[in-house]
Amino acid sequence: MALSRFSLAWIMVANLASVAWAGNTFIERDGVVSIEAEHYTDRTGRWHPVREHDAVPGGPQSSVKAMKIKSGAFTDNLRYAIHFSQTGNYRVWLRGRSQGKVDELRVLFRPENRGQSDSSVFNISLPLTLGWANQLQSIRVEQPGWYRLLLVKGKRSKWHWDVRDSERSVDKIVLLREPSITPSGDGPEETINAGSQPVPESTAPLQSIETNEVWELRDGYVVIEPEPIVTEGWCYRDQPSGFTGAGYRIWDPCDDREDDVSSRGKGEPGVEPEPPDTWLTIRLRLKKAGRYRVDLRNYHSATQPEIECRIGRLDEDGLPEPPFYRSGDSLNDGPGFSWLDWGAPAFDLKAGVNTLYLVGASPSFAVDRIAIYRDGDAAAKAKALNPETRDSLPTETE
Ligand SMILES: [Ca+2]
Ligand SMILES: [Ca+2]
């Protein structure tokens, strides 16, 4: 049966819920559980992956990967499923960073087969520079088996003058059977469950925002309509006319995420973007590695003061690679639909599947069409930028 492009778009949206994220689970080995925070079993809410500075914020970037939360609800959590073979008390060590001494992370721990009310709960304050929290907190494992550990944002002291949320990031979680030593450096090697312990269904990882649709580059280019791409951060519009495809997407950051990320230069190398569920994510399959340019067809009104977005690539862990590039428009071409005129950023893409993402930078930034073409290939560029060229439909990976 031939599907129309609109019904295909609808199917892409409807099928998303069946795409599961293969979350990690962990084991206790010789009295040690060691977890990279970014390898969570599941997350809800606004925890998102970042690259964390080793030293002070603003210092040189490191390769440390961590999970961060800033604004967000108390129910936003990171969940880790852990199998213990040995009973006993385990000292809880968190490696991370917070913005102020009063910022806490709350830890909830319970057997997998028991209810929430059986959780042990305590708070840990993170240091101001990336390092191990030095508070003494322990959890008790009464029976061997599966347990769950949740990390949620603790509350700030109500005595503090600044009532805004501040940020907390966690690089690593280590549980050491008592008596234990203080971890040093990066801590022990991670103890991921590589299949030695069967995972109960209740720990099952949940759904990802990532789709399994992938666009193939053919003859040096691909043309993508972003309308069917699933994202929470970009709304669908079909007014005014002049778009290609079925409409266009508009980024609108007017929610409670009003923090100072943008004023600190969001999108500069080393500064994290918005949470991943607000990104427009595009997966591209290439037969041969090469340098490709990414051009965006944008909609803008005459009164829009700024027209700007960021484009980046994700690494194999789903983390944004630095730097991620700016793309914008000078409004020289007047209002309406046009290709952004600050130039098209170039990416060295590998053979196989690459993931790019778009995040808005100026309010109401709109994208109608995405054209990707081989750098220096005039024929591919002309074809990709011609609004008459038909867009490509994605295929599915594995
Ligand atoms: Ca980490
Ligand atoms: Ca469009």
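One pair here links distant parts of the chain: threonine 244 sits in the loop between strand 16 (234–237) and strand 17 (248–251), while aspartate 368 belongs to strand 25 (residues 366–374), 124 residues apart. Threonine 244 and aspartate 368 are both buried.

Keep in mind that this is a predicted model.

## The chain as a whole

Now step back a bit. The chain has 26 strands and two helices. Of its 398 residues, 53% are buried.

How much of the contact count, at a separation of 6 or more, comes from residues 24 or more positions apart? The share is 76%.

The largest nonpolar core contains 30 residues, and Tyr80, Ile82, Phe84, Leu151, Ile173 and Leu175 have the most contacts inside it. Strand 6 (residues 77–84) gives this core its largest share, four residues. Apart from this core lies another one of 26 residues, including Leu280, Ile311, Leu356 and Ile372.

Setting aside residues up to four places away in sequence, tyrosine 80 touches Phe26, Ile35, Glu36, Ala37, His39, Tyr40 and Thr41, along with Tyr147, Arg148, Leu149, Leu151 and Ile173.

Which residues of helix 2 (residues 378–385) are buried? They are Ala380, Ala384 and Leu385. These residues lie on the same side of helix 2 because they cover an arc of only 115 degrees around the axis. In an α-helix there are 3.6 residues a turn, so residues three or four places apart point the same way.

The buried residues of helix 2 are covered by parts of the chain that include strand 15 (221–224), strand 19 (290–300), strand 22 (336–339) and strand 25. On the face turned away from the buried side, helix 2 carries the exposed residues Ala378, Ala379 and Ala382. At the start of helix 2, aspartate 377 has a side-chain oxygen that reaches to within 3.3 Å of the backbone nitrogen of alanine 379.

## Two loop residues

Glutamine 304 is in the loop between strand 19 and strand 20 (308–313). Is glutamine 304 buried or exposed? Glutamine 304 counts as buried because its relative accessible area is 11%, below the 20% cut-off. Its side chain reaches two backbone atoms: the nitrogen of serine 301 at 3.1 Å and the oxygen of serine 364 at 3.3 Å. Not counting residues up to four places away in sequence, glutamine 304 touches Tyr299, Leu331, Pro363, Ser364 and Phe365.

Proline 188 is in the loop between strand 13 (168–177) and strand 14 (213–216). With 25% relative accessibility, proline 188 counts as partly exposed. Leaving aside neighbours within four places in sequence, proline 188 is in contact with Val32, Ser34, Lys172 and Val174. Lysine 172 is 16 residues away from proline 188 in sequence, and their C-alpha atoms are 9.9 Å apart in space.

Conventions:
Residues are numbered from 1 along each chain as its sequence is written. Chains are lettered from A and ligands numbered from 1 in the order in which they are written. This is a predicted model: local features need pLDDT of at least 70, side-chain atom pairs count only at pLDDT 80 or more; totals for chains, interfaces and linings use all residues. Side-chain values use heavy atoms; hydrogens and water are left out. Buried means under 20% relative accessible area, exposed over 50%, partly exposed in between (1.4 Å probe, protein chains only). Contact means heavy atoms within 4.5 Å. A nonpolar core is a set of buried Ala, Val, Leu, Ile, Met, Phe, Trp, Tyr and Cys residues joined through side-chain atoms within 4.5 Å. The arc is that of the directions from the helix axis to the C-beta atoms. A polar contact is a pair of N or O atoms within 3.5 Å; within protein, one must be able to donate a hydrogen and the other to accept it, and residues adjacent in sequence count only if both atoms are side-chain atoms.
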